[in-house]
Amino acid sequence: MVDVFVTRGQAVRSGRSTLRPVNFLYNESLDYQLVQDQIFGLIEAELDGAKVTRSVGTSREDAVNFGLHIRQSRKNNVPLPLDVLMSHGLADKSYLLAKGADGRRLVNNYQHVIVPGEWFKRRLRRWRWHPIPSKRVTIRPTQVHVGGWPRVDHFFDSQPELPPSGRPRLLWAPSHNNSSRQQSFSSYPAFEAYLDRLAEEFDVRVSLHPSNRTDKSPTQGDLDWAEVVISDFGTLLYEAWAAEKCVIIPRWLIPDAIEHGSLRFSAEGQVFAKRIGNHAKTFEELLDYARQGNKPDPGVQSFMKGILDPRYRGSSARRIAELLQTLPVPRLGN
């Protein structure tokens, strides 16, 4: 994965005669290696003419270093040597407010941060004024850029029609339950007890979070396949909404702490506190929602405009590639 030069994809319209080299920098976790491969590949396809390298934990002096993790790993709680950071997930989870080994915000170490939508910019801006200096976000608003989310770009192209199955296609795609918090907010593994009952009425697939599966592969084809998605508080919740699927949250399995505890000001805290979307209080209510199969309502659509900027529907990867070519990086003389 280290220092392999590749060229492919569509042109970046940067107005430059020579495109900058870009180094995709991986963190140490094997859980997210394939997720990183997937997202980097989508952006790389828009960097035609640029030299692209990949490395693990080590930056390049002659390239824009871009990565998807705010820290090396949970065991090595220090920032990656990046110029430009973008989260590996679409969920908020207060990820961009994570603190490093010194107790300060890790996000302050980066020259630029790319976020999916305005919600995340506002969230960082509010923390600039924290009364305790060590808890402040010091990265300036001009260093935070909206880029959309590449993994959903293909949903805005014409999609091939799947052959009818005779029964609704239902996907359970929970977030992971490996958390440093006292409580897990994932429906995994508790929802497994309901799968046999669902299979009596639906075609059912299960797509666990990469950290809960042995092959570590990201969810993609299963989301394309599904008509109904059951999720909780992770990336797949938002991706399914962006893809205009019927989405159901198994509310009876999620602790109230998500709307009252440390995540109450996060996007997920707002989803639960304001009951955005279909919140099933019982399994029987979940069945009712699944049978109806309703697409996201106006409340979800309005909320998602902040999470995922409509300007980059279908063109997020191109937008991010352009940012990597144009954002000022003083080390490279611009």
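Residues are numbered from 1 along each chain as its sequence is written, and side-chain values use heavy atoms, with hydrogens and water left out. In this predicted model, local features need pLDDT of at least 70 and side-chain atom pairs count only at pLDDT 80 or more, whereas totals for chains, interfaces and linings use all residues.

Six strands form an open sheet in the order β2-β1-β3-β4-β5-β6, with parallel pairing; strands (E, at least two residues) and helices (H or I, at least four residues) are DSSP runs numbered from the N terminus, and two strands pair if DSSP finds at least two bridges between them. The edge strands, each of which pairs on one side only, are β2 (52–56) and β6 (144–146). On average, neighbouring strands of this sheet are turned by 25 degrees against each other, direction ignored. Within the sheet, β4 (residues 84–86) runs parallel to β5 (residues 112–115) and is joined to β5 by three bridges, with V84 standing opposite H112 in β5.

Helix α2 (residues 118–126) lies across β5 and β6, and runs at about 165 degrees to β6, where contact means heavy atoms within 4.5 Å, and where axes are lines fitted to C-alpha atoms, for helices over the stretch in contact, with angles from 0 to 180 degrees between N-to-C directions.

Strand β7 (residues 169–172) pairs in the parallel sense with β8 (residues 203–206) over four bridges and with β9 (residues 228–230) over three bridges. L170 stands opposite V204 in β8, while in β9 the bridge partner of L170 is V228. From β7, R169 and L171 point one way and L170 and W172 the other way, and all are buried (under 20% relative accessible area, with a 1.4 Å probe and protein chains only; exposed is over 50%, and partly exposed lies in between).
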